[in-house]
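Take a moment with the structure below before reading on. We will go through it step by step.

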Amino acid sequence: MSADLGRKTALLLVACLTVMSAATVAPALPRMAEAFSAAPNAELLSKLVLTAPAVAIALCAPFAGALVDRFGRVGILRASLVLYGLTGAAGYVLDDLLAILASRAALGVAVAGTMTSVTALAGDYYAGEARMRYAGLQSLAMSLGAVVCVGAGGFLADVGWRLPFLVYLTGWAVLVPVLLYVEEPPRTAVVPVAHGHGAAFPLGPIAAAYGITFFAVAMFYMIPVQVPFLLRTIAVESGTAAGVVVAAASLAAAGGSAWFPLLRRSSGVLGVYASAFALMAAGYALAGAAGTFAGVLGGAAVAGVGVGLFFPNSNLWVLALAPPALRGQIAGGLTSAIFLAQFLSPILVHPLVAATSLARAFTIAATLMTLAAAGLALLRLHKPTLPA
């Protein structure tokens with residue numbers, strides 16, 4: 001294997017670990033809740049096991065970025081991979097739900113380190129067309145990685161709910177190509193960043209992008225967090241079945257991302273958001289009303305297409321709005337919005353589930369997203385030339 005191919009492969013494998021940080025254990029949540037049923041709020045806490053890394057990532061990523069800039073990328077990446085395997089696999093041996101939650105938060109610290117270092121390395125190593133090609137490969141790798149990880153997690157969860165935690169030991173396996181092929185780039189090789197001065201700060205549009213993305217991610221995370229429990233209400237208790245539903249949503253999201261450029265050119269920023277919310281609403285309405293595995297699977301797939309439209313739309317809009325001197329900080333704010341929404345999703349949805357039912361919660365979410373789609377479509381009619 002050539003040095004360039006080895007380096008690219010190593011970076012892509014690290015990027016896939018980000019998806020694994022949450023998706024792998026999703027199918028095991030119901031059995032974990034049963035195992036700790038004597039603990040107070042066991043069902044809610046077990047759902048937070050899925051999203052606990054997200055809040056740690058949101059809080060720690062800015063500090064990880066500062067360390068990467070100060071001490072170098074590769075050292076932080078290697079240390080983060082060691083921590084990733086250690087904290088990720090800890091759930092296999094820990095016998096206390098709160099201890100598992102703590103280990104998941106520590107996993108988020110590790111992911112913050114891998115994310116910031118691999119992103120910086122990609123910027124250092126690639127520029128122009130090469131960077132665009134790498135970004136496409138990374139998106140594809142992460143989508144396929146989500147499918148593989150969720151499928152493996154579902155299969156292992158059917159054997160024992162602790163087994164999916166062992167998948168995180170792949171972080172140590174990924175460390176091998178990182179040690180072999182990823183070297184600290186010399187400072188002279190780092191692609192320079194343009195600095196702008198005097199540009200007006202578009203606070204309103206950026207805040208809108210953050211808010212829309214936060215709401216979308218909080219709604220989307222009902223699929224990995226709530227679907228395993230929803231399936232049990234219709235007598236589908238297989239972890240593999242739950243993994244198939246989450247994997248279907250991930251595959252459909254890849255299709256949505258492929259459709260995004262065409263839709264963005266024809267509909268603009270707000271049109272893409274309106275279409276995405278409409279698709280998610282339709283999918284959630286189907287999942288909530290179907291009462292069958294096929295209905296939940298189809299609903300998750302329809303919603304997944306909408307999810308695939310959100311992330312590139314928000315990323316491109318925020319980067320286009322951001323003054324060059326503040327681009328990194330503003331993109332970091334979007335990352336924080338995404339991961340905080342992942343963490344808060346089960347907390348925000350839990351009152352709906354407690355007051356009604358899981359199926360009804362999906363129906364209410366569908367109603368909220370329908371209203372969001374209608375509002376954004378109307379706003380597009382009044383502001384067809386929205387910036388970027």
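**A walk through the helices**

Leaving out residues up to four places away in sequence, Ile223 touches Pro228, Val246, Ala249, Tyr284, Ala300 and Ala303. Keep in mind that this is a predicted model. Ile223 belongs to the largest nonpolar core, which holds 104 residues. Together with Val182, Met280 and Tyr284, Ile223 touches the most other members of that core. Helix α10, residues 239-290, gives the most to this core, with 18 residues. In soluble globular proteins, nonpolar side chains tend to be buried together.

Now step back to the whole chain. The protein has 13 helices and 0 strands. Of its 388 residues, 49% are buried. The protein exposes about 16300 Å², and carbon and sulfur atoms supply 71% of that area. Look also at how the chain meets itself. Take the contacts between residues at least 6 apart in sequence: 86% of them join residues at least 24 apart.

Helix α7 covers residues 170-181, which makes 12 residues. How far apart should its ends be? At 1.5 Å a residue, the helix should span 16 Å. Its end C-alpha atoms are 17 Å apart, so the model agrees with the expectation. Which residues of α7 are buried? They are Gly171, Val174, Leu175, Pro177 and Val178. Their cover includes α1 (3-23) and α4 (73-88).

Some nonpolar side chains sit on the surface. Val82, Leu86, Tyr92, Val93, Leu166, Leu169 and Trp172 form a nonpolar patch there. Together these residues have about 610 Å² of accessible area. Val93 is one of them. Find Val93 in the loop between α4 and α5 (97-125). Is Val93 buried or exposed? Its relative accessibility is 58%, and the cut-off for exposed is over 50%. Val93 therefore counts as exposed.

Turn to charge. Side chains of opposite charge can pair when their charged atoms come close. The count of salt bridges here comes to 4. One of them joins Asp4 and Arg7, at 3.1 Å from N to O. Both residues lie in helix α1, 3 residues apart, so about one helical turn separates them. An α-helix has 3.6 residues a turn, so residues three or four places apart point the same way. Asp4 has a relative accessibility of 36%, so this residue counts as partly exposed.

Another salt bridge reaches across the chain. Asp158 pairs with Arg31, and their closest N and O atoms are 4.0 Å apart. Asp158 lies in helix α6 (residues 128-159), while Arg31 lies in helix α2 (residues 29-35). The pair therefore ties together parts that are 127 residues apart in sequence. Asp158 is partly exposed at 28% relative accessibility. Arg31 is partly exposed too, at 29%.

Helix α2 also takes part in a link to helix α9 (residues 222-233). Glu34 forms a salt bridge with Arg232, with the closest N and O atoms 2.4 Å apart. Glu34 is in α2 and Arg232 is in α9, so the pair links distant parts of the chain, 198 residues apart. Glu34 is partly exposed, with a relative accessible area of 48%.

Ala28 lies in the loop between α1 and α2. Its relative accessible area is 0%, so Ala28 is buried. What touches Ala28? Leaving aside neighbours within four places in sequence, Ala28 is in contact with Ala157, Trp161 and Pro164. The C-alpha atoms of Ala28 and Gly160 are separated by 8.1 Å, although the two residues are 132 apart along the chain.

Asn41 is in the loop between α2 and α3 (42-71). Its phi is near 55°, a positive value in a residue other than glycine. Asn41 is exposed, with a relative accessible area of 58%. Ala235 lies in the loop between α9 and α10. Phi of Ala235 is near 65°, and this positive value again belongs to a residue other than glycine. Ala235 is exposed, with a relative accessible area of 65%.

How values were computed
Residues are numbered from 1 along each chain as its sequence is written. This is a predicted model: local features need pLDDT of at least 70, side-chain atom pairs count only at pLDDT 80 or more; totals for chains, interfaces and linings use all residues. Side-chain values use heavy atoms; hydrogens and water are left out. A nonpolar core is a set of buried Ala, Val, Leu, Ile, Met, Phe, Trp, Tyr and Cys residues joined through side-chain atoms within 4.5 Å. Buried means under 20% relative accessible area, exposed over 50%, partly exposed in between (1.4 Å probe, protein chains only). Helices (H or I, at least four residues) and strands (E, at least two) are DSSP runs, numbered from the N terminus. Contact means heavy atoms within 4.5 Å. The expected span of a helix is 1.5 Å times one less than its number of residues. Patches are made of residues with over 30% relative accessible area and no salt bridge: like charges are joined within 9 Å, nonpolar side chains (Val, Leu, Ile, Met, Phe, Trp, Tyr) within 5 Å. Accessible areas come from the Shrake-Rupley method with a 1.4 Å probe; for residues, only the protein chains shown count as cover.
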